[in-house]
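Me: Please take me through this structure by question and answer, one point at a time.

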Amino acid sequence: MKPPMQQQKKPDWLRVRLPGGERYLEIKERLRRLDLHTVCEEARCPNVGECWGEGTATIMILGETCTRGCRFCAVNTGDPGGVTDPREPENTGRALGEMGLAYVVLTMVDRDDLLDGGADHVARTVQRIKHHSPEMLVETLVGDFQGVRADVATVVTEGRPDVFAHNVEVVPELQRAMRDARCSWQRSVDVLRWAKEEGANVTKTSLMVGCGETEQQVLDAMRSLRDAQVDVLTIGQYLRPSPKHAELKRYVEPAEFDRYRDAGLEMGFRFVASGPLVRSSYRAAEAFLKGILKGVPTSAAFEDRYGKKTRLNVIS
């Protein structure tokens, strides 16, 4: 009898190097000294060693406690009681200015305890990052702000991030099984659409697979996202953080990820990162710096650090 999926040995394509190296250790020490939190550690991302080794980090603001309890997520859940650190925007800007990064992903826990969901705090943090590091490219990976368009507009028009990201997480059919009851596919798609309509330069989202979806459901979800004018899509393997989290249904073969990438580019996404270890902010700096935000010619090939080439659809 075949053992449950979570007890089976991970396939070779999911093996990663243990974190290490001079640049990794430097970033880890600086993050500790500057009292910055990263989703890389909080969410137990398997790519932390590789991304930090390349000088890319995802900074998490608005605390370490999320007001929602999605079944795939390892971040702590609870009630922050409306508490925020008013010094955080300035401190984050100053701290990142010391780190010499070209691209930073600024993410947040959901803060349903705040009237604006933390939108103003996010916008002010982006402003202070840009003040201290004018050349740094900033991606904001935010929550759904309880479906309040004005709060989405605050991040886009007041913060003016280079990339506005919000994750739909899983296909529509699995939303209730995987996400908190306060989340929904339609609300998330609306947030992405509103951001584009409010003037976001680039919009981005992410899908996890291996949760029980079919290949057709993934393709249908991708078309829905393109209908909302989403520019960038990442697709990666769901890995169960602990036995209390949602069950892993299957390990998706690399060839299936390749089909999603090719289909996404045909649909018109400007960039698609699709692979077993791809995460929402995985290889963000390479993709955007060499592609969309720096104006690589249409249909040029993006070469990642392993020499693998992927076509970009760069629309001026």
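**Helix pairs and model confidence**

Me: At roughly what angle do the axes of helix H5 (residues 119–132) and helix H6 (residues 149–159) cross?
Reply: Helices (H or I, at least four residues) and strands (E, at least two) are DSSP runs numbered from the N terminus. Axes are lines fitted to C-alpha atoms, for helices over the stretch in contact, with angles from 0 to 180 degrees between N-to-C directions. The H5 and H6 axes come within 8 Å of each other, and they cross at roughly 10°.

Me: What is the average pLDDT of the protein?
Reply: This is a predicted model, in which local features need pLDDT of at least 70 and side-chain atom pairs count only at pLDDT 80 or more, while totals for chains, interfaces and linings use all residues. Residues are numbered from 1 along each chain as its sequence is written, and side-chain values use heavy atoms, with hydrogens and water left out. pLDDT is the predictor's confidence in each residue, from 0 to 100. Of the residues, 72% score at least 70, and the average is 83.

Me: Are H5 and H6 roughly parallel or roughly antiparallel to each other?
Reply: Angles under 35 degrees count as roughly parallel, over 145 as roughly antiparallel, 65 to 115 as roughly perpendicular and the rest as oblique. The axes of H5 and H6 cross at roughly 10°. H5 and H6 are therefore roughly parallel.

Me: Which residues of H6 meet H5?
Reply: H5 contributes Ala119, Asp120, Val122, Ala123, Val126 and Gln127. From H6 come Asp151, Thr154, Val155, Glu158 and Gly159.

Me: How many residues in the contact of H5 with H6 are nonpolar?
Reply: Ala, Val, Leu, Ile, Met, Phe, Trp, Tyr, Cys and Pro count as nonpolar, Asp, Glu, Lys and Arg as charged, and the others, Gly among them, as polar. In this contact 3 residues are polar and 3 charged, and the nonpolar ones number 5.

Me: What do the buried residues of H6 pack against?
Reply: Buried means under 20% relative accessible area, exposed over 50%, and partly exposed in between (1.4 Å probe, protein chains only). In H6 the buried residues are Asp151, Val152, Ala153, Val155, Val156 and Gly159. They pack against H5, strand E6 (137–141), strand E7 (163–165) and H8.

Me: Is arginine 160 buried or exposed?
Reply: Arginine 160 is found in the loop between H6 and E7. Its phi is positive, about 55°, although it is not a glycine. Most residues other than glycine have a negative phi. With a relative accessible area of 60%, arginine 160 is exposed.

Me: Is glutamate 169 buried or exposed?
Reply: Glutamate 169 is found in the loop between E7 and helix H7 (175–178). Its phi is positive, near 75°. At a relative accessible area of 16%, glutamate 169 is buried.

Me: Which residues does serine 188 touch, not counting those up to four places away in sequence?
Reply: Serine 188 lies in helix H8. Its relative accessible area is 0%, so serine 188 is buried. The residues it touches are His166, Asn167, Val168 and Arg179.

Notes:
Contact means heavy atoms within 4.5 Å.
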